[in-house]
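Let us work through this fold by question and answer. Keep the viewer open and follow along.

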Amino acid sequence: MSLLLHQPSEPASDTASDSTAEPAPARRRPVTFLVLPVVVLVVLCLAALAFGARNVDPATTLEALGAFLSGRGAEAAADIDSAAALSRIPRTLTAVLVGAALAVSGVALQGATRNPLGDSGLLGLTAGASLAVALGLGLGMPSGLAGVMVLAILGTLLAAVVVYTVAAAASRMGGTGGAPGPLSLVLAGAAVTAGCTAATNALLILSPAVLERFRFWTVGSVARTSLEDAAWLAPVIAIGILVVLLAAPGLDALALGDELAHGLGSRPERLRMVLLGATVLLTAAATALAGPVVFVGLLVPHALRRFRPASTRVLVAGCALWGAVLVVAADLAGRLVIAPQEIHVGVSTVIIGVPVLLLLLRRKAVSL
C-alpha cells in the first residue's frame with residue numbers, strides 16, 4: 001500500500017518540476033518578441049545615423065537627432081557632421097518601414113496560404129510591381145520616385161487581382177466553390193510570377209534605354225527616398241500592419257483548414273481576403289519605397305516561429321519589430337563593409353538571409 005501511495009508521488013514531483021520550469025520561457029517571450037527588438041532597433045538606428053562614408057561621434061549624432069525632432073534641423077545642418085547625421089534620417093526611417101511592412105506581409109501571406117515558406121513573391125506581387133515599373137519607364141512616364149511609387153502600387157494591385165481571379169476560377173472548375181484555396185493561390189501566383197518576369201525581361205532586352213533606367217530601381221535600396229516619401233507611405237504601412245494585427249487571432253483557426261475554421265465560427269474566405277488585401281498594401285508600399293527587397297518576409301516569420309510566441313498577435317508584432325531590425329542592420333552593414341562605397345540593401349538582405357535561413361532549415365532537419 002505504501003508502494004502504491006509512493007509511486008504517484010514521483011510523477012507528481014516531475015510534474016511539479018516541469019510546471020516550475022515551464023513559466024521561465026513564457027516570461028521571456030514578451031522580452032524576446034517585443035522589448036528586446038525595440039532596444040536593438042533604437043541602438044541600430046542611432047548607429048545608422050552615426051556611421052557611413054563620414055562617421056559622426058555619438059554626441060553630435062544625438063544633438064542632430066534632437067534638433068531634427070524639435071524642428072531645428074536646418075540650424076543643425078550648418079555643421080558638417082550634423083548634416084551627415086541628418087542626411088541619414090530618411091533612409092533609416094525608410095529601412096524601418098520597409099522591414100516592418102515586408103515581415104508582416106510575410107506572416108500574413110503565410111497564414112492566408114497555409115505555407116510557412118511563403119512571401120510576397122509567392123503570389124507574384126513583387127513581379128507585378130517590377131513589370132509595371134518597366135512598362136511605365138518604357139512608355140516614357142516620369143522616372144522619379146513618385147512615379148515609381150504609383151507604378152509599383154498599381155502593378156502590385158493588378159497582380160493580386162489576377163492571381164485571385166485565376167485561383168477562384170480554378171476552384172470553381174474543381175468543384176470546391178468560388179473561394180480560392182491555398183493551393184490554387186500558390187499555383188496562380190507562380191504562374192503570374194513567371195509571366196511577369198518573362199515579360200519584364202523581354203521588355204528590358206528589346207529596349208536598352210528602359211534597361212538603363214530600370215537597373216537603378218531593380219536593386220532594392222533605401223538611399224533614394226526622401227523624408228516626405230517615407231511620411232507619405234507610413235500611414236499605408238501602419239494601416240496594413242494594424243489590419244493584420246486585428247485579424248491575427250483568425251490565423252490560428254485558418255491553420256486548421258477551412259472546414260474546421262467554419263466549425264469554429266470563423267469565415268476563412270473573408271479572412272483570407274482581408275489578409276491578402278493587407279499583404280497587397282504592405283508589399284506595394286515597401287516595394288515603392290525601396291524596390292524589390294527579398295528574404296525579409298520569408299526569413300523573419302520563419303525564424304520567430306521557432307521561439308513559439310505566446311499568441312499570433314505577439315508573432316505579428318514581433319515580426320514588425322524584428323523585420324525593421326533586419327533591414328536597418330542590412331543597410332548599415334552594406335555601408336560599412338566596403339566604405340565609402342556601399343552595398344544596396346536588396347543585396348545585403350540576401351547575403352544575410354541565405355545563410356541564416358539555411359541554418360534554420362538545417363537545425364529543423366536535425367531535430368526531426
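Q: How are helix 7 and helix 14 oriented to each other, roughly parallel or roughly antiparallel?
A: This is a predicted model. Helix 7 (residues 89-113) and helix 14 (residues 268-290) pack at an angle of about 150°, with axes 8 Å apart. Angles over 145 degrees count as roughly antiparallel. Helix 7 and helix 14 are therefore roughly antiparallel.

Q: What is the handedness of the crossing where helix 7 passes helix 14?
A: The axes of this pair lie 8 Å apart. As helix 7 passes helix 14, the crossing is left-handed.

Q: How do the residues of the contact of helix 7 with helix 14 divide by class?
A: Helix 7 brings residues including Leu97, Val98, Ala101 and Leu102. Helix 14 brings residues including Arg272, Leu275, Leu276 and Thr279. The contact divides into one charged, four polar and 14 nonpolar residues.

Q: How is helix 12 oriented to helix 14, roughly parallel or roughly antiparallel?
A: Helix 12 (residues 227-254) packs on helix 14 at about 150°, and the axes are 8 Å apart. The cut-off for roughly antiparallel is an angle over 145 degrees. That makes helix 12, relative to helix 14, roughly antiparallel.

Q: How many residues of the contact of helix 12 with helix 14 are nonpolar?
A: The crossing of helix 12 and helix 14 is left-handed. Its contact residues include two charged and two polar ones. The nonpolar residues number 20.

Q: Is helix 15 largely enclosed or largely open?
A: Helix 15 spans residues 296-305. The buried residues are Val296, Gly297, Leu298, Leu299, Val300, Pro301, His302, Ala303 and Leu304. Nine of the ten residues are buried, so helix 15 is largely enclosed by the rest of the structure.

Q: How does helix 15 lie to helix 16, oblique or roughly antiparallel?
A: Helix 15 and helix 16 (residues 312-337) pack at about 125°, with axes 9 Å apart. Roughly perpendicular ends at 115 degrees, and roughly antiparallel needs over 145. That makes helix 15, relative to helix 16, oblique.

Q: How many residues in the contact of helix 15 with helix 16 are charged?
A: Helix 15 passes helix 16 in a right-handed crossing. The contact includes Leu299, Val300 and Arg305 of helix 15, and Leu315, Trp322 and Leu326 of helix 16. By class it holds ten nonpolar and two polar residues, and the charged count is one.

Q: Is Asp331 buried or exposed?
A: Asp331 lies in helix 16. Setting aside residues up to four places away in sequence, Asp331 touches Arg91, Val222, Val345 and Ser348. Its relative accessible area is 2%, and under 20% is the cut-off. Asp331 is therefore buried.

Q: What separates the C-alpha atoms of Asp331 and Ala48?
A: Asp331 and Ala48 are 283 residues apart along the chain. Their C-alpha atoms are separated by 8.0 Å.

Q: Which side chain makes a polar contact with the side chain of Ser120?
A: Ser120 lies in the loop between helix 7 and helix 8 (125-138). With a relative accessible area of 8%, Ser120 is buried. Beyond four places in sequence, Ser120 touches Leu109, Leu125, Thr126 and Thr283. The polar contact, at 3.3 Å, is with the side chain of Thr126.

Q: Of the residues of the protein chain, what percentage count as buried?
A: The protein chain has 17 helices and zero strands. Among contacts with a separation of 6 or more, 76% join residues 24 or more positions apart. Of the 368 residues, the share that counts as buried is 46%.

Note on methods. Residues are numbered from 1 along each chain as its sequence is written. This is a predicted model: local features need pLDDT of at least 70, side-chain atom pairs count only at pLDDT 80 or more; totals for chains, interfaces and linings use all residues. Side-chain values use heavy atoms; hydrogens and water are left out. Buried means under 20% relative accessible area, exposed over 50%, partly exposed in between (1.4 Å probe, protein chains only). Helices (H or I, at least four residues) and strands (E, at least two) are DSSP runs, numbered from the N terminus. Axes are lines fitted to C-alpha atoms, for helices over the stretch in contact, and angles run from 0 to 180 degrees between N-to-C directions. Angles under 35 degrees count as roughly parallel, over 145 as roughly antiparallel, 65 to 115 as roughly perpendicular and the rest as oblique. A crossing is left-handed if the near helix is turned anticlockwise from the far one by less than a right angle, and right-handed if clockwise. Contact means heavy atoms within 4.5 Å. Ala, Val, Leu, Ile, Met, Phe, Trp, Tyr, Cys and Pro count as nonpolar, Asp, Glu, Lys and Arg as charged, and the others, Gly among them, as polar. A polar contact is a pair of N or O atoms within 3.5 Å; within protein, one must be able to donate a hydrogen and the other to accept it, and residues adjacent in sequence count only if both atoms are side-chain atoms.
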